[in-house]
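Look over the sequence and the model first, then read the points by topic.

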Amino acid sequence: MRNREFRLLWLSFTMSVAADQIFPVTVTIAALNSGGTASTVGAIFTGRWIALILFALLGGLWADRLPRRTVMIVSLGFQCCAVAVGLRGDAPASLLAVLVFLVGAAEAFHRPAYQACLSSVLTPEQRPTGVAMGAVSWRIGAIVGPGLGAYVVTVWSPRVGFLAVLAAYVLGLLLLLPLREPPVAAAPRSSAVREIADGLSEVLRRPWVTGVIIAVALQLMLTVAPTQVLLPLVSRDTFGGDAVYGTALALLSVGGLAGGVVSMKWKPGRAGLTGVIGLALYGAVPLALIWPVTPEFLYGCYIVAGLGLEIFAVQWVMNLQREIPPERLARVTSVDWLASSVMMPLGLALTGPVSAAIGRSALLVIGTVGGFAVPLAALFFRGMTRFHSDVAPAAPDGAAEATPTSLKAP
């Protein structure tokens, strides 16, 4: 925290995450207040994931071509303009869907730039703790966001919720203005297609990276998407309001905050095994939604899931930063984001119809099985238990790829 550039980046990202967390709560409650259903909410948030799929690779490409600070500032400015439209109040579902799409498009540029900038402002010795602090940043914003969003929108109106989102994005942008990003050695530029392919090759050269991306993609479709859509409905149907919805999301982040703090000091011998087990703990969330006997039981499962998710995320990001060349890190992050998110829109769109066809409980049983089993199955990928592979150094951008060496067994 004595690193000035990291401190500015840390605070800016916290504000951005707070806005990102208030925004979906505001949109969800606004849609339900206007008579929307589970299908309506799912269709609206499908737009965010479609935007990520369309723009993720471009976001990573430009974050490696331009100063990462510039990309983040422009992205946050675009999000401010989009969210300001929601201040008109009483937005129809169609307008909410457009806003979600635009905010998601800007996010596709901001997040790869942030991950690459985080690596550049930290020394190699600072990176493990810095990545954990990034996780803490995410969770602090996520703790404040859902609870504040649910409170503001319930007590006042969705318009006030959009105002809170706008204020957080503006503050995040202002914090980036004095940041001085260390220069990254420029690699020879080639065509956009070739540079994107270079980022993809960094993923394919490492089986454990491919395995994690596949596991996360399947878990997003089978587990995360149904719980995201059904949690507000369970909150209203079982507990009579939106308070449990916002509180559960906040407590997911409380667990994540604990996971980030633990990760600052804990260096597991088998980082991959630890991370995969942490990822599998998200299966507790749909399990809790099947039998939401008390709010406390639901809250406990969300805390456990958040703890596991953040331990996984810290190990994942830290080992990517260790293995991926700095000049390609943003592109690899965007490939990771694209591939791991490609199934999320399908899961969101299908949650309503499938829930109506087979029942909410049956859908959540599928989500529970997928949440636990899919990550554990990824352990069969080579190098997974340690998040490490021995590969030859990659050739510079625009040059021929180096030939991979043999890979170690897990």
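The points below cover the fold, the core, the salt bridges and the cysteines.

This is a predicted model, in which local features need pLDDT of at least 70, side-chain atom pairs count only at pLDDT 80 or more, and totals for chains, interfaces and linings use all residues. Residues are numbered from 1 along each chain as its sequence is written, and side-chain values use heavy atoms, with hydrogens and water left out.

**Fold and surface**

- The protein chain has 15 helices and zero strands, where helices (H or I, at least four residues) and strands (E, at least two) are DSSP runs numbered from the N terminus.
- Of its 410 residues, 56% count as buried; buried means under 20% relative accessible area, exposed means over 50%, and partly exposed lies in between (1.4 Å probe, protein chains only).
- Contact means heavy atoms within 4.5 Å. Among contacts between residues at least 6 apart in sequence, 86% join residues at least 24 apart.
- About 15700 Å² of the protein chain is accessible surface, and 71% of that belongs to carbon and sulfur atoms; the areas come from the Shrake-Rupley method with a 1.4 Å probe, and for residues only the protein chains shown count as cover.

**Nonpolar core**

- A nonpolar core is a set of buried Ala, Val, Leu, Ile, Met, Phe, Trp, Tyr and Cys residues joined through side-chain atoms within 4.5 Å.
- The largest such core holds 112 residues, and L9, F23 and W316 touch the most other members. Helix α1 (residues 4-33) supplies the largest share of this core, 15 residues.
- Leaving aside residues up to four places away in sequence, F23 touches V83, L99, V100, V103, F162 and V165.

**Salt bridges**

- The whole structure contains seven salt bridges, each a side-chain nitrogen of Lys or Arg within 4 Å of a carboxyl oxygen of Asp or Glu.
- E107 and R48 form one of them, with the closest N and O atoms 2.8 Å apart. The pair links distant parts of the chain, with E107 in helix α4 (residues 93-121) and R48 in helix α2 (residues 38-65), 59 residues apart.
- E107 is buried at 4% relative accessibility, while R48 is partly exposed at 22%.
- A network of salt bridges links D20, R48, E107 and R111.
- R236 and D242 also meet in a salt bridge (2.7 Å, N to O).

**Cysteines**

- A search for disulfides (pairs of cysteine sulfur atoms within 2.5 Å) finds zero in the whole structure. For C80, the nearest cysteine sulfur, that of C81, is 6.8 Å away.
- C80 is buried at 10% relative accessibility, and C301 is buried at 11%.
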